Amino acid sequence: MHEMAITLSVVDAVCEHAAGRRVHSVRVEVGALCAVVPDSMQFCFGLATEGTVAAGARLDVDVQPGRARCRTCGGEFGLSDLILLCPCGSADVDVLTGRDMRILSMEVS
Ligand SMILES: [Zn+2]
């Protein structure tokens, strides 16, 4: 499961940053092109945090639509999935955003 690998890296980073403090919630932003299913990620988060300082923490997942620029017509357009096609029909596009994943915030005590 693709989400498990991503979630494990999030949990690693969160636990490291928490430095022994208890983690109550984590908010992550994932680009639409990461093809992450938020529900699957929530489920993996529950498993991945077992036995860590983030056990029982809430995970919020914000999916950010991607953007790309077309090299053929110069237009910019939104990407909601992995189909990288400009409305003009060209597939010669630069992905600007949508492949990133980052931790936006976390609540610790
Ligand atoms: Zn185009």
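## Salt bridges and a zinc site

Arg27, Arg58, Asp60 and Asp62 are joined in a network of salt bridges, in a model that is predicted. Within this group, Arg58 pairs with Asp60 through closest N and O atoms 3.1 Å apart; Arg58 is partly exposed because its relative accessibility is 48%, whereas Asp60, at 19%, counts as buried because the limit for that class is under 20%.

| Salt bridge | Closest N and O atoms |
|---|---|
| Arg58 with Asp60 | 3.1 Å |
| Arg69 with Glu76 | 3.3 Å |
| Asp94 with Arg71 | 2.4 Å |

The Asp94 and Arg71 pair has its closest N and O atoms 2.4 Å apart. Asp94 belongs to strand 5 (residues 93-97) and Arg71 to the loop between strand 3 (66-70) and strand 4 (76-79), so the pair ties together parts that are 23 residues apart in sequence. Asp94 is partly exposed, with 29% relative accessibility; in the salt bridge between Arg69 and Glu76, Arg69 is partly exposed at 37% and Glu76 is partly exposed at 42%.

The zinc ion is coordinated by the SG atoms of Cys70, Cys73, Cys86 and Cys88, at 2.3 to 2.4 Å, and in sequence these donor residues follow the spacing C-x2-C-x12-C-x1-C. The arrangement is tetrahedral because the four donor atoms subtend angles of 103 to 118° around the zinc ion.

Terms used
Residues numbered from 1 in each chain as written. Predicted model: local features only at pLDDT ≥ 70, side-chain atom pairs only at ≥ 80, totals over all residues. Heavy atoms only, no water. Donors = N, O, S within 2.8 Å, 3.2 Å for Na, K, Ca; no water. Tetrahedral: all angles 85-135°; square planar, octahedral: opposite > 155°, others 65-115°. Salt bridge = Lys/Arg side-chain N within 4 Å of Asp/Glu carboxyl O. Buried < 20%, exposed > 50% of the residue type's maximum accessible area, 1.4 Å probe, protein only. Helix = DSSP H or I, 4+ residues; strand = E, 2+ residues; numbered from the N terminus.
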